[in-house]
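Please look over the two-chain model shown below before reading on. The report that follows takes up its sheets, its helices and the contact between its chains.

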Amino acid sequence: MHDGQRSERVSGARARDVRGPAILVADDDPAILQLMNAVCRRESFRCDTARDVSEALEKLQSGETYDLLVVDVMLPKMKGDAIVAALREMSARPAVIVVTAEPPSPRLVDGSVVHAMLAKSTDLLALTALIADVAEAMFVLRTTGSDPSFT
Amino acid sequence: MIEDPDELVAGERYTTSGPSVLIADDDPAIRPLIAAICRRAGFRCDTASDGAEALAKLRSGIVYDVLVLDLMMPKVSGYEVIATLRELAVRPAVIVLTAQGPRQTEGIADGNIVHALLTKPFDIHELESLISDTAESKYVLRASESGGS
């Protein structure tokens, strides 16, 4: 998508929520957090980070609205499917992409809550445009009630 | 919505600017995710939030090369969409994306209407490859059939 199209689409939605799209990144890998922060800066998105499950849960339950959650399921202090369970309780859920180094257990990948998975070995840099597109589209949907145009 | 000008070929709206994908899923997070994957692959895409909207778009005259279809949707289910597709002369290749277990989906990927079945949550690279391969094949086939008529 052209930057102009993205700007135009987001500007309309931002009339309703001036803070713009928001991403929560839950990962204990500083490189991932740094990369996602850079993506958010480039796109003028809000970016919150969590280094363990407790922090992620605290942010998810804080009342803040996130359009996209990028989460490593092998986080420290992981208590079973705590994040997935917390997401199940939310009425307006973000899009959820699980980043994982190995196939996670089935209870961590409830298909009604977790939408997509990415191998940790993936070149995340190459996927930053995709991640930005998803966050932006979720933001437009959240603030306008309609799917954005995907052409 | 697909807005680019289409060329009318043999009574159907033939998209000239590459493969197109229709995403039918009632989960509002799935549609932008798959749309972003399609855009990364250079394809155009359209969305439907239930089976009825999907069928309306499939019958609208716009030709889609691939339909990414959820099975459990309101109004008209994915199962019903598949049954209706059998009656259509021009139909997309179907990739079913479902949270349903193997018991509920047994035999659905028959290779005739449904080309592939993936379980949610999906692997982004796997779905990207599947959509790309399926859409390119279908588009090339459609273009050659239109050119030969």
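Predicted model: local features only at pLDDT ≥ 70, side-chain atom pairs only at ≥ 80, totals over all residues.

## What counts as buried

A residue is called buried here if 20 or more other C-beta atoms lie within 10 Å of its own, with C-beta atoms placed from the backbone.

The buried residues of H1(B) are B:Ile30, B:Arg31, B:Pro32, B:Leu33, B:Ile34, B:Ala35, B:Ala36, B:Ile37 and B:Cys38. After H1(B) comes B:Gly42, a residue with a positive phi near 85°.

## Chain A in outline

Chain A contains five helices and five strands, and along its sequence these elements follow the pattern α-β-α-β-α-β-α-β-β-α. The chain has 151 residues, of which 42% count as buried. Among its contacts between residues at least 6 apart in sequence, 70% join residues at least 24 apart.

An open sheet of six strands, paired in parallel, has the order E2(A)-E1(A)-E3(A)-E4(A)-E5(A)-E8(B). Its edges are formed by strand E2 (46-50) of chain A and strand E8 (122-123) of chain B; each has a single partner strand, so one side of each is left without a neighbour in the sheet. Helix H3 (residues 53-60) of chain A packs on this sheet, where it touches E1, E2 and strand E3 (68-72) of chain A, and its direction makes about 140° with that of E2(A).

Two of the pairings can be followed residue by residue. Strand E1 (residues 22-26) of chain A is joined to E2(A) by five bridges in the parallel sense, and within this pair A:Ala26 stands opposite A:Ala50. Strand E5 (residues 116-119) of chain A runs parallel to E8(B), to which two bridges join it, and here A:Ala116 stands opposite B:Phe122.

## The contact between the chains

How many residues of chain B are in contact with chain A? The contact involves 27 residues of chain B and 24 residues of chain A. On the side of chain B that touches chain A, helix H1 (30-40), strand E4 (44-48), E8 and helix H5 (124-148) each supply at least two residues, and the largest share, nine residues, comes from H1(B). Sorted by class, this side of chain B has 15 nonpolar, three polar and nine charged residues.

A:Val134 lies in helix H5 (residues 128-144) of chain A, and because it has 29 C-beta neighbours inside 10 Å it counts as buried. The C-alpha atom of A:Val134 is separated by 20 Å from that of A:Ala50, a residue 84 places away along the chain.

## The sheet within chain B

Chain B has an open sheet of five strands in the order E4-E3-E5-E6-E7, again with parallel pairing. Its edge strands are E4 and strand E7 (114-119), each of which pairs on one side only, and neighbouring strands are turned against each other by 20° on average when direction is ignored. Strand E3 (residues 20-24) of chain B pairs with strand E5 (residues 66-69) of chain B over four parallel bridges, with B:Ala24 opposite B:Leu69.

Helix H3 (residues 78-85) of chain B lies across E3, E5, strand E6 (93-98) and E7 of chain B, and runs at about 170° to E6(B).

## Two helices of chain B

Two packed helices are described by the angle between their axes and the distance between the axes. For helix H2 (residues 51-58) of chain B and H3(B), the axes come within 9 Å and cross at roughly 20°; the two helices are therefore roughly parallel to each other, as angles under 35 degrees count as such. The crossing of H2(B) with H3(B) is right-handed.

Which residues meet between H2(B) and H3(B)? From H2(B) there are B:Gly51, B:Ala54 and B:Leu55, which meet B:Gly78, B:Glu80, B:Val81 and B:Thr84 of H3(B). By class, this contact has three nonpolar, three polar and one charged residues.

Notes
Residues numbered from 1 in each chain as written. Chains lettered and ligands numbered in written order. Pairing = 2+ DSSP bridges. Contact = placed C-beta atoms within 7 Å. Axes fitted to C-alpha atoms, helices over the stretch in contact; angles between N-to-C directions. Nonpolar A, V, L, I, M, F, W, Y, C, P; charged D, E, K, R; others polar. Buried ≥ 20, exposed ≤ 12 C-beta atoms within 10 Å, placed from the backbone. Parallel < 35°, antiparallel > 145°, perpendicular 65-115°, else oblique. Left-handed = near helix turned anticlockwise from the far one by under 90°.
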